[in-house]
Amino acid sequence: MPGPTQLFFPLIRNCELSRIYGTACYCHHKHLCCSSPYLPQSRLRYTSHPAYATFCRPKDNWWQYTQGRRYASTPQKFYLTPPQVNSILKANEYSFKVPEFDGKNVSSVLGFDSNQLPANAPIEDRRSAATCLQTRGMLLGVFDGHAGCACSQAVSERLFYYIAVSLLPHETLLEIENAVESGRALLPILQWHKHPNDYFSKEASKLYFNSLRTYWQELIDLNTGESTDIDVKEALINAFKRLDNDISLEAQVGDPNSFLNYLVLRVAFSGATACVAHVDGVDLHVANTGDSRAMLGVQEEDGSWSAVTLSNDHNAQNERELERLKLEHPKNEAKSVVKQDRLLGLLMPFRAFGDVKFKWSIDLQKRVIESGPDQLNDNEYTKFIPPNYYTPPYLTAEPEVTYHRLRPQDKFLVLATDGLWETMHRQDVVRIVGEYLTGMHHQQPIAVGGYKVTLGQMHGLLTERRAKMSSVFEDQNAATHLIRHAVGNNEFGAVDHERLSKMLSLPEELARMYRDDITIIVVQFNSHVVGAYQNQE
Amino acid sequence: MFYWLLSVVRRQRIRRGWQKWSSARSGASVAEAHSVALPTQAQVVICGGGIMGTSVAYHLSKMGWKDIVLLEQGRLAAGSTRFCAGILSTARHLTIEQKMADYSNKLYHQLEQETGIQTGYVRTGSIFLAQTQDRLISLKRINSRLNVIGIPSEIISPKKVAELHPLLNVHDLVGAMHVPEDAMVSSADVALALATAASQNGVQIYDRTSVLHVIVKKGQVTGVETDKGQIQCQYFVNCAGQWAYELGLSNEEPVSIPLHACEHFYLLTRPLETPLQSNTPTIVDTDGRIYIRNWQGGILSGGFEKNPKPIFTEGKNQLEIQNLQEDWDHFEPLLSSLLRRMPQLETLEIMKLVNCPETFTPDMRCIMGESPSVQGYFVLAGMNSAGLSFGGGAGKYLAEWMMHGYPSENVWELDLKRFGALQSSRTFLRHRVMEVMPLLYDLKVPRWDFQTGRQLRTSPLYDRLDAQGARWMEKHGFERPKYFVPPDKDLLALEQSKTFYKPDWFDIVESEVKCCKEAVCVIDMSSFTKFEITSTGDQALEILQYLFSNDLDVPVGHIVHTGMLNEGGGYENDCSIARLSKRSFFMISPTDQQVHCWAWLKKHMPQDSNLLLEDVTWKYTALNLIGPRAVDVLSELSYAPMTPDHFPSLFCKEMSVGYANGIRVMSMTHTGEPGFMLYIPIEYALHVYNEVMSVGQKYGIRNAGYYALRSLRIEKFFAFWGQDLNTLTTPLECGRESWVKLEKGMDFIGRDALLQQKQNGVYKRFTMFILDDHDTDLDLWPWWGEPIYRNGQYVGKTTSSAYSYTLERHVCLGFVHNFSEDTGEEQVVTTDFINRGEYEIDIAGHRFQAKAKLYPVASLVTHKRRKDDVELSDLHGK
């Protein structure tokens with residue numbers, strides 16, 4: 001039988017049923033899905049409260065739509081050709097190479113590849129990358145939005161400025177402030193590396209700037225005059241918290257401009273997780289809020305790859321997070337604060353930007369919504385107050401910061417939203433990227449040493465290896481290559497074109513059933529430079 | 001260290017050689033054991049104990065210099081020399097390279113006899129395979145050139161190839177070239193033999209001694225700092241192979257030696273069941289990118305892949321040295337190619353894949369000569385995988401150069417001074433060698449241009465011209481337009497023009513040439529080297545009169561065609577000089593002369609003079625307005641009369657063009673056509689160009705490129721330095737006697753040689769040939785380097801050629817010699833000798849009849865604006 005079901009069962013077997021599908025099933029076709037013995041524990045960000053479902057997926061006629069498709073009389077198979085597949089996969093790919101100067105590359109970062117594949121329409125993931133211009137180092141981050149893309153968009157635009165400002169020494173802050181004051185040209189702080197599709201909001205730019213300026217003004221005032229070394233970890237934590245605070249404040253204060261007013265509210269009422277890496281020489285800091293993940297690719301001496309996790313997921317699978325939540329709230333809430341592996345039975349990530357519904361008091365929420373624009377008032381979702389909502393805030397944007405000192409064997413870092421980690425094991429992710437980046441040179445190089453090998457045997461072996469690697473050459477971008485595997489891998493771990501083609505040709509309404517938005521940044525390190533740092537000491 | 005790591009495949013034979021050498025050394029008791037302190041003084045210090053260093057030491061000591069120290073950081077004959085594939089091949093593209101290889105062949109042949117050290121020399125011959133017709137043409141061209149310098153070679157059929165080598169698959173071949181006297185030799189043993197002979201001649205050799213840097217005072221080498229102490233010396237020779245670049249940069253005043261290493265792989269196998277004969281010919285399958293030779297009954301096969309792996313960009317790098325491993329996946333295409341060529345090898349057992357970095361240069365030619373900035377600093381490096389073939393000859397030429405000031409052959413093509421500042425960037429070198437290495441085995445067609453390292457030096461008009469369809473070539477790092485593709489032409493098809501026949505730009509250049517003849521064209525010639533020479537007193541003239549061969553004491557505003565000659569009367573430089581004022585001169589030389597000419601001037605100007613020499617190349621954009629209507633365009637733009645009465649030929653005036661003031665306008669075009677050169681301060685370039693184009697519109701103005709210029713100058717019999725003229729060509733040999741102040745009683749460099757030559761007559765003569773029975777559409781085009789035959793006897797080679805759209809014939813320029821039929825000695829060439837011959841030009845084995853001329857074709861000269869047009873009538877003497 002052609003159509004969705006054909007795809008459906010293998011997927012269920014693979015426990016890859018995606019969130020919205022669950023939502024939809026719950027409210028419309030409970031009998032169908034829940035009776036399935038294969039149905040895994042639903043992994044939705046939000047639970048299946050009817051109000052939520054409506055908000056997340058206003059079109060509630062999707063199932064009819066698919067059924068219509070299913071019973072349509074055309075049994076034809078609709079496959080994409082390889083070039084079509086490639087054009088979908090490569091539409092959002094971006095590569096940046098740190099420029100070499102006179103043949104010498106002094107940065108510990110060689111460059112990065114990034115890409116994203118939407119499942120939501122529009123995509124709710126965001127990514128950012130920038131070089132700090134006034135301090136050393138490079139910032140890279142992935143942001144997974146929920147309940148819309150407003151929050152992830154805002155965080156992707158603003159967070160790096162907050163981090164960069166937090167890292168700036170007192171004198172530089174003063175210089176910038178003086179420049180603003182006297183209307184002189186500002187020192188540039190960040191050099192963005194953006195894909196043309198990554199946009200910045202022009203309308204809110206002034207508002208965002210003012211908030212940022214207030215922040216650095218406070219930093220200037222707070223400075224005691226002692227020139228202390230800036231701690232990156234502290235700077236990251238401060239920046240995250242400050243930005244979340246500003247998002248919350250802006251929504252409370254509102255804006256005379258009605259467009260902006262609605263925007264800041266949408267930002268505050270939607271949410272986003274963030275996973276940000278700061279690389280400066282051999283110092284790698286990862287600040288994580290939520291369930292995106294940073295994974296370090298380490299090449300062992302024998303050439304094999306191993307994965308080192310540099311972040312902890314903030315969700316129900318993390319015992320320490322559960323512990324934290326229970327400690328932060330009265331004992332009598334112990335059962336309600338996390339229900340069905342969700343915060344208050346609703347939210348999957350336990351830390352996030354925005355999501356003021358989990359942060360503000362009920363009073364404040366009501367006040368803001370009432371005084372807010374009509375669109376907000378009419379929205380079921382925003383009006384809905386989470387159950388068992390006694391001692392807010394339940395949610396924080398404070399990141400957990402991991403420090404890692406880079407070693408020559410640390411070849412790359414993968415930052416990705418949970419869309420990737422749900423479909424692939426971290427070990428596979430690191431192996432695929434590692435083999436891609438080194439081409440075939442470092443994966444088990446062939447050596448004749450001692451064995452009797454004829455030219456013919458060697459030739460056969462090499463031809464075989466080359467054929468195996470040919471899929472690598474299809475992609476110029478490690479992130480694209482990873483997405484190709486994430487979406488197209490069959491049970492043997494090889495890319496299956498038919499499967500890839502089916503997955504990518506799903507209609508917008510269906511795509512979210514089978515996968516989440518996937519956003520990946522692969523940062524490649526320069527082992528020579530890292531090694532040189534090591535030797536200096 | 002590096003050489004230790006590399007020496008994992010130590011060959012037994014080499015070991016023996018080393019021991020033998022050691023005993024020979026102690027026997028000769030000239031060189032001390034290396035534990036003994038270095039001498040504090042020497043005439044010459046050579047750095048590098050590979051084949052290059054030992055060859056230079058060998059030749060210097062043989063020619064009589066004894067006070068020589070050779071330093072090697074590791075052990076003698078290690079490095080690239082040790083891992084060289086050992087193939088000596090004379091089939092090279094340049095004649096000078098063929099001669100070097102030929103000399104090396106003869107030298108190595110008798111070396112064992114001379115030194116008693118086994119070199120493993122075997123005369124195997126080599127076979128170059130052609131899988132395509134174009135490749136066969138390329139081989140035929142090499143073949144004709146080899147034959148005329150006395151190296152036997154022949155073009156053979158695939159069937160013959162099969163007879164010569166039993167294992168070859170010849171089904172896909174269209175032909176081949178057999179060079180029977182090519183040889184195989186152990187390069188490490190050759191280096192040891194050369195070292196032994198040098199040592200016997202008094203050269204002191206120290207291994208495990210590193211040169212740290214060279215000490216330079218006042219632009220002159222004074223000594224060498226090593227890790228074992230200082231040695232004072234007059235001459236330093238950098239033969240450091242792939243480390244030569246680093247060593248050059250280590251000086252306080254760096255010497256730029258543009259070369260870069262790439263990994264190079266070859267395969268060694270165990271012997272075949274019936275081991276290959278030791279005299280099995282070497283196979284070079286350039287279309288398959290591989291070479292194959294016999295190695296101890298088995299096979300040694302390597303190649304030059306399309307995707308080379310550059311290495312040591314940042315200099316010696318321990319990590320990269322450790323990673324120098326066998327890379328089978330990288331070798332896979334070459335292995336496939338090998339098995340396609342010799343299918344029976346399938347069952348042959350692998351012994352080893354050797355990875356030995358080789359050094360490459362930006363233009364695929366080796367580097368030799370003296371540094372332009374440091375006197376006494378000589379270089380011999382960058383062998384592009386042909387170190388063994390060139391070792392002997394290159395060492396000999398460099399030794400001659402050091403001893404006599406110049407080698408016995410013209411080596412401008414290999415001279416270090418051909419490079420400029422561009423080539424000192426590591427990024428450039430890394431990118432360029434990745435193009436050069438595959439090019440070794442690529443088909444070399446006429447007029448190819450490098451693709452990497454481009455768009456560095458450009459005229460301010462570059463973007464403007466590019467937008468109008470300019471196609472570019474690069475000279476000395478400078479972009480110059482070749483021609484302009486009209487908007488309606490198919491661009492893609494044009495860019496793929498790789499042919500030995502009529503190129504697809506033929507019609508485009510024709511229309512440009514026609515426009516130069518009938519209306520007016522603009523050519524951006526900003527790349528030309530421009531110097532200003534001024535002095536506060538009257539010294540300038542005095543000194544320049546001694547340096548330049550023509551009389552420069554002309555009224556202010558006049559332009560003189562002249563050049564700087566060496567003691568032998570040969571052209572070191574060819575230029576036009578405008579006298580701007582009593583005390584200042586403006587000198588225009590060919591683009592690639594920038595470094596050489598500067599060095600020559602600096603070297604020969606008195607140290608204490610108040611002469612000010614300034615390189616103003618970058619300050620001026622040069623526009624060449626060629627054509628009969630140029631005069632109309634300029635007079636309209638300047639409101640000044642430009643008629644010959646007011647502005648005679650070979651005249652220079654500062655005037656305004658459009659709004660721009662101070663444009664140097666010169667009535668010359670470098671082609672013999674009427675017109676003007678405008679030297680425009682760069683900030684005015686765009687303005688002047690725009691004005692010229694808009695005013696010129698009604699006179700039919702259009703852009704033109706260097707191909708049109710080339711066609712024009714060659715049909716007018718204009719010689720260009722670097723192509724036709726070189727350091728061994730005198731003015732008398734190319735009919736430029738009237739450009740020399742022989743009769744004026746003034747001394748100048750080279751005068752004595754010229755006077756003698758005038759008395760005795762010349763031994764070669766620059767001649768123009770017009771091809772008669774050549775079909776432009778169907779026959780192979782001449783390029784340069786084609787042998788010239790007079791009455792069936794070889795008399796010389798062409799130096800440049802072009803199609804003349806006016807004569808509708810091909811024109812070749814070249815030198816005619818008069819070799820004695822009995823002894824082969826050169827004899828005097830008279831006008832009569834030239835005129836009384838029947839000539840043929842050999843293009844890839846096919847001879848075309850040619851008419852020889854000593855003067856430009858009269859019909860072309862009638863366009864003269866004035867009867868006494870100096871530029872034209874003075875061209876070839878009266």
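Let me start with a term. A salt bridge here is a side-chain nitrogen of Lys or Arg within 4 Å of a carboxyl oxygen of Asp or Glu. Now an example in chain A. E218(A) and R242(A) make one through their side chains, at 2.7 Å from N to O. The two ends sit in separate helices. E218(A) is in helix α9, residues 205–222 of chain A, and R242(A) is in helix α10, residues 232–253 of chain A. They are 24 residues apart, and the pair links distant parts of the chain. Over all chains, the count reaches 59 salt bridges. Keep in mind that this is a predicted model.

Next, the interface. How many salt bridges are counted between chain B and chain A? The number is 0. Polar contacts do turn up there: 6 residue pairs, with both residues of each pair at pLDDT 80 or more.

Now the area. Chain B and chain A bury about 2200 Å² between them. Carbon and sulfur atoms carry 58% of that. Which three residues of chain B supply more than any other three? They are D329(B), E332(B) and I350(B), with 28% of the area that chain B buries against chain A.

By residue count, 25 residues of chain B and 21 residues of chain A take part in the contact. On the chain B side, the classes split into 9 nonpolar, 7 polar and 9 charged residues.

Where do they come from? The top contributor is α11(B), with 7 residues.

On to the strands of chain B. One open sheet has 3 strands, in the order β3-β8-β4, and the pairing is antiparallel. Why do β3 (87–88) and β4 (122–123) of chain B each have one side without a neighbour in the sheet? Both stand at the edges, so each has a single partner strand. β4(B) pairs with strand β8, residues 183–184 of chain B, over 2 bridges. Within that pairing, V122(B) stands opposite M184(B).

In chain B, strand β10, residues 211–217, runs antiparallel to strand β11, residues 220–226, over 6 bridges. K217(B) has Q220(B) as its bridge partner.

Strand β22 covers residues 367–370 of chain B and strand β23 covers residues 377–381 of chain B, paired antiparallel over 4 bridges. E370(B) has its bridge partner in F378(B). Here 6 residues lie between the strands, and G376(B) takes a positive phi near 90°.

Aromatics now. A pair of aromatic rings is described by the distance of the centres and the angle of the planes. All chains taken together, the count is 44 aromatic pairs. Take F96(A) and F112(A): 5.9 Å centre to centre, 40° between the planes, a tilted pair. F96(A) lies in strand β1, residues 94–97 of chain A, and F112(A) in strand β2, residues 109–117 of chain A, so the pair ties together parts that are 16 residues apart in sequence.

Last, backbone geometry in chain A. Which residues does a cis peptide bond join? A121(A) and P122(A) are joined that way, with omega about 0°. P122(A) falls in the loop between β2 and β3 (125–132) of chain A. P392(A) and P393(A) are also joined by a cis peptide bond, with omega about 0°. P393(A) is in the loop between α16 (380–383) and β13 (400–405) of chain A. N388(A) likewise sits in the loop between α16 and β13 of chain A. Its phi is near 55°, a positive value in a residue other than glycine.

That's the tour. Over to you for discussion.

Notes: Residues numbered from 1 in each chain as written. Chains lettered and ligands numbered in written order. Predicted model: local features only at pLDDT ≥ 70, side-chain atom pairs only at ≥ 80, totals over all residues. Heavy atoms only, no water. Contact = heavy atoms within 4.5 Å. Buried area = accessible area lost by both parts, 1.4 Å probe. Polar contact = N/O pair within 3.5 Å; in protein donor to acceptor, adjacent residues only side chain to side chain. Nonpolar A, V, L, I, M, F, W, Y, C, P; charged D, E, K, R; others polar. Pairing = 2+ DSSP bridges. Phe/Tyr/Trp six-rings, centres within 6.5 Å; stacked < 30°, edge-to-face > 60°.
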